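Here are my notes on the model you sent. Please read them with the structure open.

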Amino acid sequence: MSKRYFKIETGRYGGEVVCGEVTPEFYEYWIDRDSDDLINAMWSDGEDEPDSPKPGADDEEYWTAWHELDDFLHLSAPYADNHYYVTEIAPKEGVTYDEEWGSFEASPEWTDENGYEFWDEVSDDREGREYITLASQELYGNRDKFGSDNCVPVLFFHSAEKGTFGEVIVVTDGADFNPAKFRIDMVETDVGEFIQSYWYDKKLLPVNFDWSDSMGKGTYCYLSVLDVEDHKKWFKPFDQYQEEIEEFWEADEDVL
């Protein structure tokens with residue numbers, strides 16, 4: 001049976017989020033100040049805050065940009081409470097799908113007047129569906145641990161955006177798209193809950209960011225303290241939990 005392709009629109013709201021170590025001096029300078037002032041300082045690389053210590057722990061002379069403060073997390077992703085939408089598509093003649101990278105490719109002799117329309121829409125299901133969460137990981141700080149062993153001050157920074165946050169394709173061997181087989185794992189943070197990865201029928205799906213496009217809607221930041229040893233022990237990409245991953249699917253074997 002020929003393959004069928006389903007393009008997932010992952011939701012219109014999300015953005016870039018990071019969590020990274022900052023110096024104790026930076027933390028103490030900003031912890032009791034207004035978050036809007038901190039946001040302005042991070043966007044301006046400290047130009048309006050000459051008395052502020054530099055945020056980065058590795059370079060006292062360089063004001064590290066917020067998106068470089070990513071020791072513990074860096075995602076560009078939709079919010080986990082988005083709805084998603086499914087469109088069945090059919091690759092045009094001369095176009096193939098790369099299942100490793102999640103992208104469509106055209107043969108050298110293939111041409112199209114628009115240059116990038118690699119498929120035709122077969123059907124468009126505009127029913128918004130809620131994500132089913134396969135697993136969730138927590139990345140929360142604890143300000144009470146400032147100065148404790150194995151703990152470092154961190155900045156959570158989130159640029160909230162509206163737009164698109166990667167393209168996800170589900171490929172079946174002729175079967176209809178089954179919402180029960182489509183899952184996400186997510187990360188909960190002090191500045192929002194974000195999708196980390198997508199799964200279908202127990203398989204991790206690649207995300208293609210080639211055509212991502214978004215516009216800023218707001219900014220959020222939060223200073224806290226992270227237990228580094230605890231983070232190393234528990235927080236890692238979900239597909240690395242090889243021994244436990246099957247257990248997350250056991251209750252749903254009847255739909256898989």
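**Notes on a buried Asn and the salt bridges**

1. Start with Asn82. This residue sits in the loop that runs between strand E3 (73-78) and strand E4 (83-91). Keep in mind that the model is predicted.

2. Is Asn82 buried or exposed? Its relative accessible area is 8%. That is under 20%, so Asn82 counts as buried.

3. Setting aside neighbours within four places in sequence, Asn82 is in contact with Thr10, Gly11, Arg12, Tyr13, Arg129 and Tyr131.

4. Now the charged pairs. How many salt bridges does a search of the whole structure find? The count is 6. One of them pairs Asp176 with Arg4, with the closest N and O atoms 2.7 Å apart. Asp176 is in the loop between strand E10 (168-172) and strand E11 (182-189), while Arg4 belongs to strand E1 (residues 4-9). The two are 172 residues apart, so this pair links distant parts of the chain. Asp176 is exposed, at 55% relative accessible area.

5. Glu127 and Arg129 form another salt bridge, at 3.9 Å between the closest N and O atoms. Glu127 is partly exposed, with 47% relative accessibility.

6. Asp227 meets Lys145 in a salt bridge of 3.6 Å, N to O. Asp227 lies in strand E14 (residues 213-227), and Lys145 in the loop between strand E8 (132-139) and strand E9 (151-164), so the pair ties together parts 82 residues apart in sequence. Lys145 is partly exposed, at 32% relative accessibility.

7. Look also for shared partners. Salt bridges join Arg4, Glu88 and Asp176 into one network.

Terms used. Residues numbered from 1 in each chain as written. Predicted model: local features only at pLDDT ≥ 70, side-chain atom pairs only at ≥ 80, totals over all residues. Heavy atoms only, no water. Helix = DSSP H or I, 4+ residues; strand = E, 2+ residues; numbered from the N terminus. Buried < 20%, exposed > 50% of the residue type's maximum accessible area, 1.4 Å probe, protein only. Contact = heavy atoms within 4.5 Å. Salt bridge = Lys/Arg side-chain N within 4 Å of Asp/Glu carboxyl O.
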